[in-house]
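The following questions and answers examine a structural model. Please view the sequence and the structure before reading on.

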Amino acid sequence: MNKLLRLLLLIALPTQLLAQAPRLDHLLYGVAYYDEYMPYDRLDQDVALMKAAGINVVRIAESTWSTLEPQEGVFDFTHVDRVLNAMHKAGISVIIGTPTYAVPTWLARKYPAVLATTPRGQNQYGPRQNMDITNPDFRRHAEAVIRALLGHVKNHPAIIGYQVDNETKAYNTAGPAVQALFVQHMQRKFPSLDALNKAYGLDYWSNRINSWADFPSTVGTINASLGSEFAAFQRQLVTDYLAWQAGLVREYKQPGQFITQNFDLGWRGYSFGIQPEVNHFAAAKALDVAGVDIYHPSQDQLTGAEIAFGGDLTRSMKNGQNYLVLETEAQGFPQWLPYPSQLRLQAFSHLASGANLVEYWHWSSIHNSAETYWKGVLSHDLQPNYVYEETKTIGRDFQRLSPQLVNLKKTNKVALLFSNEALTAEGWFSNGLDYNQVLRSFYDPLYKQNVGCDLVDPSSPDLNQYALLIVPMLYAAPASLLERLDQYVQQGGHLLVTYRSGFSDENVQVRHTTQPGLLSKACGVTYSEFTTPEKVGLTGEAYQAAPDANKVTTWMELLRPTTAQVLARYDHPVWGNYAAITENHYGKGLATYVGCHTSSDLVDKLVTDAVKKAGLWGADQQLSFPLITRAGLNQRGKAVHYYFNYAATPGSVRYPHAAGRELLAGTAVSQGQQLTLAPWGVLIVEEK
């Protein structure tokens, strides 16, 4: 175990230093493809259909360890070779996935400890992602299959890149071996047990640890500090594991080939918010290019918000670098079968956030097992359908417009700061609040008002590049981060920060100063009391809403202004003397503090007000959802404006920018011209 941990630490740094962004000269349009899953040999037919649809890349191999290595040390590359050769002959590129996220039966039988032990007990064989990613036998055999596969394919000319593992997480591995690693981690972090006990408040309920040999399992802990530290440790296991795999792949990959990973997001029946089990910004450092899986509602529930959020997050992982959408749905769940034109709308929406690849999970619909009713581009009959016919129009346009649309660069003046540490800590004391729900409640108005947004985390170095920084529910944060936020306002930024921010330190120990602690000076408020509101609204002209929307719910802080101006007070016979929302001029900047959880209508008003006060309300904000516009500079140095209609009825846009050309139709567009968007329609204007 000690040797393994030391190896991980040694591997992580050089792979990060070697990671470099690939420069693509054309858009990628692809599918995941499994020759192994097909009910009969139809490779040539599939290739022909892909070529006709403009598919120019497929991802293979990452789900089929048991086919690649049917018995320990016995390898069979038949399916990989067949697909590589057929794709290369057809001019279709290939991304190879390392096949490590679903273990074969022989591995579980011979080495049963590879199945992770979680708080619910040891995992059973069957599902994917049921293994302990730190287990030495798993690591040894994962390395063997990676080396065997990459050694076999490394010189194949079809390969453009590699994906390490798949939607990787620690899978809540928490058995004795992992607990032992965690104790070693804690010994490195704290110079003494006295320091640990004090930092985590372990005297409470006799949880004090007086000997390292007595260090208990975290599985049953009631201490949020210890539990949150273990969650951070599990995220670090993911970072180290992906760096380890990237280091192996880097030994084999050719110049010009890339290494990526398909990160997934927090899940609410679809991709929704920050992934609590992965530190995306840290894990992405070992990759050449960040990748993401984005799944979302369709039909009448299609809004594009999940596409935008996932794209903005993934683009931000590598400081604005273009990214790859390695999985999204073509049909997906039965309720997600897209209306005609929605597949095109979705594909170009990914590009508008900076994606260079749109890839479907997957090409065909599976005829058995867990994903039988998750449908691909082709349905179960494996014949062309209207979804396939729409992919053909996308593929043609991607190919034709690649010079204008590939490598889109975006520069935003608004950022939303998220924190894995705050997310985890908040989960211990949620009081009915949900971190990702609050995060999205502040992101979605930006999206709907066509305000470009980056995502930043505490590791992001330059906050001052943003005119507006929104910080929702930063429950746990070190003093250094709060001081950076204070300096951000002093130096001229507009900070919008919400309730429960700065409440505890990085060890989830509540600060014993008057809240909001180190944010009090910048925000010009203090409070000592908070409560759960009942029949509470807001008074104050700036934040009026319809009576049914003027509601404070779940959480309210009784704010006492020091230097701040009161923008809204509580509408309540007892709490009406306290401020609910304040604004404070501080240094060269402005800080808005929101002391309560409100309806989405009121959050929309808050965000709109903040954008306007930051001087960012412009021509694009004359439009609002369902008419969405996204913009950037293309590789030719020209501004590109995407217009999307997320509605089943036609829409109209008065084009406000410099004259240009609408790329899909090839028609000239003048400033001020009225443009019509079809239901679920797309227009793309490149300025001259």
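Helices (H or I, at least four residues) and strands (E, at least two) are DSSP runs, numbered from the N terminus, and two strands pair if DSSP finds at least two bridges between them. This is a predicted model, in which local features need pLDDT of at least 70 and side-chain atom pairs count only at pLDDT 80 or more, while totals for chains, interfaces and linings use all residues. Residues are numbered from 1 along each chain as its sequence is written, and side-chain values use heavy atoms, with hydrogens and water left out.

Q: What is the average pLDDT of the protein?
A: pLDDT is the predictor's confidence in each residue, from 0 to 100. A score of at least 70 is reached by 96% of the residues, whereas residues 1-17 stay under 50. The average for the protein is 95.

Q: Which strands stand at the edges of the open sheet of 5 strands?
A: The order of this sheet is 27-28-33-30-31, with antiparallel pairing.

Q: In strand 33, which residue is the bridge partner of glutamate 662?
A: Strand 30 (residues 660-662) and strand 33 (residues 682-687) run antiparallel and are joined by 3 bridges. In strand 33, the partner of glutamate 662 is valine 685.

Q: At about what angle to strand 28 does helix 12 run?
A: Axes are lines fitted to C-alpha atoms, for helices over the stretch in contact (heavy atoms within 4.5 Å), and angles run from 0 to 180 degrees between N-to-C directions. Helix 12 (residues 342-352) lies across strand 27, strand 28 (639-645) and strand 33. Its angle to strand 28 is about 145°.

Q: How many residues line the largest pocket?
A: On a 1 Å grid over the protein atoms alone, a pocket is an open set of points where a 1.4 Å probe fits, with protein on both sides within 12 Å along at least five of seven lines; lining residues have an atom within 4 Å of a point. Tyr37, Ser63, Ala102, Ser369 and Ala370 lie nearest the centre of the largest pocket. The number of lining residues is 23.

Q: Where is the cis peptide bond with omega near -20°?
A: Most peptide bonds are trans. Histidine 362, found in the loop between strand 13 (355-360) and helix 13 (386-405), takes part in this cis bond. The bond runs from tryptophan 361 to histidine 362.

Q: What is the phi of lysine 535?
A: Most residues other than glycine have a negative phi. Lysine 535 is in the loop between strand 19 (530-531) and strand 20. Although it is not a glycine, its phi is positive, at about 55°.
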